[in-house]
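Me: I'm new to this one and would like to go through it piece by piece. Could you take a look with me?

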Amino acid sequence: MNQGFIKAAAGTPSIKVADCCYNEKEIAKTIREMAAHGAKLMVLPELCLTAYTCQDLFWQDALIREAEEQLLRLAEEVRDIDGLIFVGTPFACKGKLYNTAAVISGGEVIGIVPKINLPNYCEFYEARHFIPGNKEIEWIPFGGKEIPFGTNQLFVCDTMPELVVAAEICEDLWVPNPPSIRHVLAGANVIVNLSASDEVIGKDAYRKGLVKGQSANLVCGYIYATAGEGESTQDLVFGGGNLIGENGVLLAEGTRFKNEIVYGDLDIQRLQSERRKMSTFPGADETGYCRVPFSLEVQETALERTFDPAPFVPSDKGDRDRRCEEILTIQAMGLKKRLMHTNCTHAVLGISGGLDSTLALLVTARAFDLLGIPRKNILAVTMPCFGTTDRTYTNACRMTECLGAALKEVDIRASVTQHFKDIGHDMEAHDVTFENAQARERTQVLMDLANQCQGMVIGTGDLSELALGWATYNGDHMSMYGVNSSIPKTLVRHLVRYYADNCGEAELASILRDVLDTPVSPELLPPKDGVISQKTEDLVGPYELHDFFLYYMLRADFPPSKILRIAKLSFKGVYDDDTIVKWLKTFYRRFFSQQFKRSCLPDGPKVGSVAVSPRGDLRMPSDACADVWMKELENE
């Protein structure tokens, strides 16, 4: 439960139709297995205490009385289990029978939630035996105490107050206005569904879509437990297939036609953070609801949930290719509009032979193709200086020629040397002035060339560099339109690789692959023996770590300790813990100190859910203090 994680379980016990005593033992066995696995939220199927398929046996008092007795026995039997447990059972109240979820905690039944929407079509005849439940809460005697009965119940954890659970039952999810909508508007962030959904062709995919969609619409966790083997097969087959969803993602799904338990680590903190961000997500209105407290022991959840070490890059090649094509199109369409609006038919960009300028050139070529402007109107400028190597220089020139753009070389060694003389800077002092003077000279050249041809300077800097402030202020930091401004470095690589794999030009593809194999470097310091001496990741840290940190800080709003925890899991065997801590501290230090560079960024298209534009996603003061974040890391 620390850091907002809580383990949920949806299980299908093996049962016998109308044998409550047997079923109670199997349910208890399933609950104990869930608890041994660390689950705190446990959900069993609809009417599993009797079996869903009892049909007219539900009219038998003997069955209903036995179900109540076994429910009380079950509660007592799992008294030592630390968890909130939902079990499906028929329940008689005021002369009528209801299809309900009994809620167990601390050895007691703490609430009964009735089903509202009773299907009475096709193979279902629930209205023959049950009546719909009411939203309003009544207090009824059960097990020697008064407990709430009704749909409008919120089960609130007193040791983790942000955890608020509510229940609906099977068909409740399938109707146009599910009770879960009302529950979430009242503050619930986890919905459980006790179901008995039979198997027919196509239903499985539809069911998954419902769970994913509802968890996305409601920004909640959704635990779906359904009936399986053991139910009557007189006319139907029930296949299990339990599901756990969270905000549109399936964390776990069971194997159909197999009774089993599935587990998922819900992140309650992240759900709450997502809701806070969304101005259209209303605050909780508990009017008409009963808050039912329960308690859980606070402990660290052993995580089975995985966190992709490359959150910006889809792991599946098909998905990755589709993502790359979409991003390239978004980038090109953004530039296309800007060129059209300014009546601009020329573009100027610096081409270094590195990844970022390569991507910017590819995007610019695509935008010009969309506009029907000849690529020769793209002026790619190579500006060799003290750190330029033959490899990057050659790649820059050959790539420009392959793409049909115009190539211009402006050697800036002499102008930078003269500048150092003018300001009295020692040429042997390879300090920040030595480096930044080159970047600013290059930007001046590009801007002046753009004036000459009435063109637009296309920025090459990427999202990762902007997050870390790895750009020279008023140097490569500045342009007239930055096409890469929301592309993280880990994704830049895949975009260039995708282009190489699909361009259909062998020579260009070969050049692009060599660019991919070249170390990332600003090439501002003299090479050693003709080889790049200045490698960015040696100085600022691995971009795969920084992109991971960036995603979970800005997209998920995780605090430093939580990011550190999941980074250790995700990069286990790749980086040791001390290395991760070192670069995470670097990330926070640079992210806060370099905001002033992001506060005056050029325009550029947003392509993903993480962006740092001061006009859009990141409204952050340039003089904000990082002490709170750094202090948390000092304790790790």
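Me: What should the 13 residues of helix α15 span at 1.5 Å a residue, and how far apart are its end C-alpha atoms?
Reply: This is a predicted model, and in it the 13 residues of α15, numbered 543-555, should span 18 Å, while the end C-alpha atoms are 17 Å apart, which agrees.

Me: ok, and how many of its residues are buried?
Reply: α15 is mostly covered, with 11 of its 13 residues buried, and among them are Y543, H546, D547, F548, F549 and M553.

Me: Which helices do those buried residues pack against?
Reply: The buried residues of α15 pack against α5 (268-277), α11 (463-468), α12 (489-502), α14 (536-540), α16 (560-570) and α17 (577-593).

Me: What about the phi of D557, which follows it?
Reply: The phi of D557, the residue given as following α15, is positive, near 60 degrees.

Me: Switching to α4, how far does that helix reach?
Reply: Helix α4, residues 203-217, has 15 residues and reaches 21 Å from its first C-alpha to its last, which is close to the 21 Å expected at 1.5 Å a residue.

Me: Which of its residues are buried, and why do they line one face?
Reply: The buried residues of α4 are K203, D204, R207, L210, V211, Q214 and S215. Seen down the axis of α4, these buried residues fall within an arc of 120 degrees, so they line one face of the helix.

Me: New topic, the open sheet of 5 strands: what's the order?
Reply: The order is β18-β17-β16-β19-β20, with parallel pairing. β18 (406-409) and β20 (481-482) stand at the edges with a single partner strand each, so one side of each is left without a neighbour in the sheet.

Me: How many bridges join β16 to β19?
Reply: Strand β16 (residues 347-350) and strand β19 (residues 456-459) run parallel and are joined by 2 bridges, and V348 stands opposite V457 in β19.

Me: Which strands does helix α6 touch?
Reply: Helix α6 (residues 317-341) packs on the sheet and touches β19 and β20, its direction making about 160 degrees with that of β19. Helix α8 (residues 390-403) lies across β17 (378-382) and β18, and runs at about 150 degrees to β18.

Notes:
Residues are numbered from 1 along each chain as its sequence is written. This is a predicted model: local features need pLDDT of at least 70, side-chain atom pairs count only at pLDDT 80 or more; totals for chains, interfaces and linings use all residues. Side-chain values use heavy atoms; hydrogens and water are left out. Two strands pair if DSSP finds at least two bridges between them. Helices (H or I, at least four residues) and strands (E, at least two) are DSSP runs, numbered from the N terminus. Contact means heavy atoms within 4.5 Å. Axes are lines fitted to C-alpha atoms, for helices over the stretch in contact, and angles run from 0 to 180 degrees between N-to-C directions. The expected span of a helix is 1.5 Å times one less than its number of residues. Buried means under 20% relative accessible area, exposed over 50%, partly exposed in between (1.4 Å probe, protein chains only). The arc is that of the directions from the helix axis to the C-beta atoms.
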